[in-house]
Protein chains: 2
Amino acid sequence: MPTPHYGQPRYRVIADELRQRIESGTIPRGTLLPTESALVAEFRVSRGTIRQAMAALRKDGLVATEHGRGTYATATLCECNPIRHGGAEVRQRKIPADAHLAAVFDIKLGALLVETESVTRENGRVVAVAQTYRLYLDRAQVPSRATEPQNWIE
Amino acid sequence: MPTPHYGQPRYRVIADELRQRIESGTIPRGTLLPTESALVAEFRVSRGTIRQAMAALRKDGLVATEHGRGTYATATLCECNPIRHGGAEVRQRKIPADAHLAAVFDIKLGALLVETESVTRENGRVVAVAQTYRLYLDRAQVPSRATEPQNWIE
DNA sequence: AGAAATTTGTCCGTATGTATC
DNA sequence: AGATACATACGGACAAATTTC
């Protein structure tokens with residue numbers, strides 16, 4: 001097999017498969033995913049392809065990776081339907097901190113924040129977007145060496 | 001030469017170097033960067049490494065890539081010093097729209113927005129971050145095929 | 001405490017497919 | 001159509017962080 005990528009590229013197919021396993025609970029939140037080598041064996045692709053799929057999931061905040069340790073599924077991302085509030089659409093969701101927010105809040109990359117997004121329209125046209133972030137205070141934390149990530153409950 | 005990467009990985013060193021060239025004006029805003037092959041030759045690294053450096057710059061919105069065309073430096077990111085306003089630090093800057101904001105505003109990826117960020121502290125600890133975005137109304141646009149990107153002024 | 005094994009991170013070289021000019 | 005450039009994929013190698021013994 002040279003390198004045919006008709007339709008969807010392989011790394012995307014794999015990413016979608018893993019995403020479904022996480023969302024369906026086949027891979028519980030907070031637990032480690034199979035290792036890269038295991039996925040290489042399962043999907044019969046090269047390690048680079050697996051890593052590309054992982055990067056895609058990481059970008060979406062669905063998983064987080066720690067060097068020498070593994071990649072685990074992050075906490076549930078709760079996304080609510082937008083509600084109307086004074087002419088603006090307001091929507092709230094839990095998100096993992098990106099690099100910038102992690103630095104500002106001085107928290108770990110991937111730690112949970114609550115994002116409130118408000119979208120303002122004028123004549124149907126979006127003219128302003130406001131996003132506020134606050135710490136998500138719960139026992140839901142990114143697993144660390146101090147606790148057992150396997151048994152951590154979201 | 002096996003694969004020594006003391007300290008910083010090479011792709012990051014290259015990304016920093018390119019970033020400096022852009023910020024110092026060696027690579028003017030709006031102009032195309034050297035091609036991948038040129039950078040491969042200059043830095044004596046593989047294409048994948050160059051592409052990784054490019055991806056890093058792209059993620060930061062410093063450059064934008066068009067398929068079959070090349071990679072060019074995006075508009076100036078004006079970043080002002082934070083000012084204090086009622087117990088919060090407020091800072092404004094121009095940023096290129098990421099995928100989400102581009103979708104919400106219905107504008108092109110990389111088009112300019114004005115971001116106002118407000119950071120609130122309690123006892124020195126950051127407790128909330130608010131970001132508002134509005135359209136940046138000016139002639140500064142991301143270059144398109146219709147105009148000549150080379151001569152585009154920010 | 002320390003060595004070995006495991007796992008992810010980075011890098012290389014190469015090849016081929018696909019889109020644009 | 002031809003040239004150029006980006007996207008995907010492979011296999012191998014060594015580095016670095018973590019866990020296990």
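Author: Two strands pair if DSSP finds at least two bridges between them. The model discussed here is predicted.

Reader: In β6(B), which residue is the bridge partner of V129(A)?

Author: Seven bridges join β6(A) to strand β6 of chain B. The two strands run antiparallel. Within this pairing, V129(A) has as its bridge partner in β6(B) the residue Y133(B).

Reader: How is chain A laid on chain B, and as by what kind of axis are the copies related?

Author: The superposition takes a turn of 178° and a shift of 0.5 Å along the axis. Its RMSD is 0.8 Å. The two copies are thus related as by a two-fold rotation axis.

Reader: Which residue of chain A comes closest to the rotation axis?

Author: The distance is taken at C-alpha, and it is 2.3 Å. The residue of chain A that comes closest is Q131(A).

Reader: What area do chain A and chain B bury between them?

Author: The contact takes 21 residues from chain A and 21 residues from chain B. Carbon and sulfur atoms carry 51% of the buried area. Between them the chains bury about 1600 Å².

Reader: How many residue pairs are in polar contact between chain A and chain B?

Author: Salt bridges between the chains number zero. For polar contact, both residues must be at pLDDT 80 or more. The residue pairs that qualify number five.

Reader: Which element gives the largest share of the side of chain A that touches chain B?

Author: By class, that side has twelve nonpolar, three polar and six charged residues. Eleven residues make up the largest share, and they come from β6(A).

Definitions and conventions. Residues are numbered from 1 along each chain as its sequence is written. Chains are lettered from A and ligands numbered from 1 in the order in which they are written. This is a predicted model: local features need pLDDT of at least 70, side-chain atom pairs count only at pLDDT 80 or more; totals for chains, interfaces and linings use all residues. Side-chain values use heavy atoms; hydrogens and water are left out. Copies are superposed by least squares on the C-alpha atoms of residues with pLDDT of at least 70 in both. Contact means heavy atoms within 4.5 Å. Buried area is the accessible area (1.4 Å probe) that two parts lose on being put together, summed over both. A salt bridge is a side-chain nitrogen of Lys or Arg within 4 Å of a carboxyl oxygen of Asp or Glu. A polar contact is a pair of N or O atoms within 3.5 Å; within protein, one must be able to donate a hydrogen and the other to accept it, and residues adjacent in sequence count only if both atoms are side-chain atoms. Helices (H or I, at least four residues) and strands (E, at least two) are DSSP runs, numbered from the N terminus. Ala, Val, Leu, Ile, Met, Phe, Trp, Tyr, Cys and Pro count as nonpolar, Asp, Glu, Lys and Arg as charged, and the others, Gly among them, as polar.
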